[in-house]
Amino acid sequence: MHRATTRLRVLAALPFVLTLTTYLVLLALWDDRIPDTLATHFGGADGARADGFTGRTAFLALSAALLLGLGTGWTVLVRRTALWGAWATAGFAGTLLVLLVRDNLDAVDPAGVASPLGNLALAAAVAAALALVGLGLTRLVPEGDPAGPSAAADGPRLALGASEVAGWSRATASRPLTVLAVLTLTAVPAGLLLAPWPGSLLALLGLVVGVPGLALSRVRVTVDRRGVTVRPALVPRPRVRVPLEEVAGASARELDTAALLADFGGWGYRVRAHRTGVVLHSGETLVVQRDSGREFAVTVPDARTAAALLNTLAERHGKV
């Protein structure tokens, strides 16, 4: 399972470090020209009339925190193929903040400050230029998984006699997903009864979220002669299966929250460029390497036993 290398994280953090440094230097140079109250939101027909205001200290603290937050998020969650996004985000956010402060310089009445729509175009242009820089820097980060050993070569094995058969099955659940699904489904009848027409129809959208959410909140993982099967614990369908003949190897890994978000982008049934997974929580994870090179992962307790049995069964099948 791919984990961002130190080099990748440094390259993701770099544009935010440069942006924040430049921003702080400009603030220091403009210190005596920045008013006590800044126009920070603009509306009206042309989108340029000031209609929201923030105190100087609060704005400077919040803007710096925004850049720090964005930088931290990208550094933690970045993937090699998305490095350009970190550079684009830093360029867009930093440019908008600098232009906003510039527009407020020497303003006596913040209500008279204007922010032309051209600021957005300039920020987008800077973001596009930096995206190209980030795309070029992607070459400095090697492809593949530097941390993951070959599941086929080094995966665990379960000792079974030549005539013995075995199976493994465990249920795993996500308490937050269960609570969210139940609350969503509970709100459906209340919305239908209380919301005015046609707004009550929106309550039906709760079924679209609640039913799949409840089905995925608790799943059963089975390893047997057919391969790996993941299905809802309460109903037989839908299910996900990796046939034994497609298994190149299996391993058990610890998946922390940062790696979970970086590799899968969230919880639930996830589909990414080189992997799919049923990810309900952090912790033990069964990772199956397929013949195609793609990975399938499912978070489940006792994943090492599942991986050992799967490798043994695949070995018997002539796959490992």
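**Before you start**

This is a predicted model, in which local features need pLDDT of at least 70 and side-chain atom pairs count only at pLDDT 80 or more, while totals for chains, interfaces and linings use all residues. Residues are numbered from 1 along each chain as its sequence is written, and side-chain values use heavy atoms, with hydrogens and water left out.

**Exercise 1. The chain as a whole**

Find how many helices and strands the chain has, what share of its residues count as buried, and what share of the contacts joins residues 24 or more positions apart.

Solution. 
- Step 1: the chain has nine helices and 11 strands. Helices (H or I, at least four residues) and strands (E, at least two) are DSSP runs, numbered from the N terminus.
- Step 2: of the 320 residues, 42% count as buried. Buried means under 20% relative accessible area, exposed over 50%, and partly exposed in between, with a 1.4 Å probe and protein chains only.
- Step 3: among contacts with a separation of 6 or more, 65% are between residues 24 or more positions apart. A contact means heavy atoms within 4.5 Å.

**Exercise 2. The second largest pocket**

Give the volume of the second largest pocket and describe its lining.

Solution. 
- Step 1: the volume is about 330 Å³. The search runs on a 1 Å grid over the protein atoms alone; a cavity is a set of points where a 1.4 Å probe fits but cannot get out, whereas a pocket is an open set with protein on both sides within 12 Å along at least five of seven lines, and lining residues have an atom within 4 Å of a point. Grid points are joined across faces, edges and corners, and the volume is the space filled by probe spheres set on the points.
- Step 2: 17 residues line the second largest pocket, and the closest to its centre are Thr40, Phe42, Leu96, Leu100 and Ser115.
- Step 3: strand E1 (37-43), helix H2 (56-77), helix H3 (83-104) and helix H4 (118-137) each give two or more residues to this lining. The largest share, six residues, comes from H3.
- Step 4: by type, the lining has 11 nonpolar residues, five polar and one charged. Here Ala, Val, Leu, Ile, Met, Phe, Trp, Tyr, Cys and Pro count as nonpolar, Asp, Glu, Lys and Arg as charged, and the others, Gly among them, as polar.

**Exercise 3. One face of H4**

Compare the span of H4 with the expected value, then work out why its buried residues line one face.

Solution. 
- Step 1: H4 has 20 residues and reaches 29 Å from its first C-alpha to its last, close to the 28 Å expected at 1.5 Å a residue. The expected span is 1.5 Å times one less than the number of residues.
- Step 2: Asn119, Ala123, Ala127, Ala131, Gly134 and Leu137 are the buried residues of H4.
- Step 3: viewed down the helix axis, these buried residues fall within an arc of 110 degrees, so they line one face of H4. The arc is that of the directions from the helix axis to the C-beta atoms.
- Step 4: helix H1 (6-29) and H3 are among the elements that cover them.

**Exercise 4. Across the sequence from Arg33**

Which residues does Arg33 contact, leaving aside neighbours within four places in sequence?

Solution. 
- Step 1: Arg33 is in the loop between H1 and E1 and is partly exposed at 35% relative accessibility.
- Step 2: the C-alpha atoms of Arg33 and Leu105 are separated by 5.3 Å, although the two are 72 residues apart along the chain.
- Step 3: with those neighbours set aside, the contacts of Arg33 are Asn104, Leu105 and Asp106.
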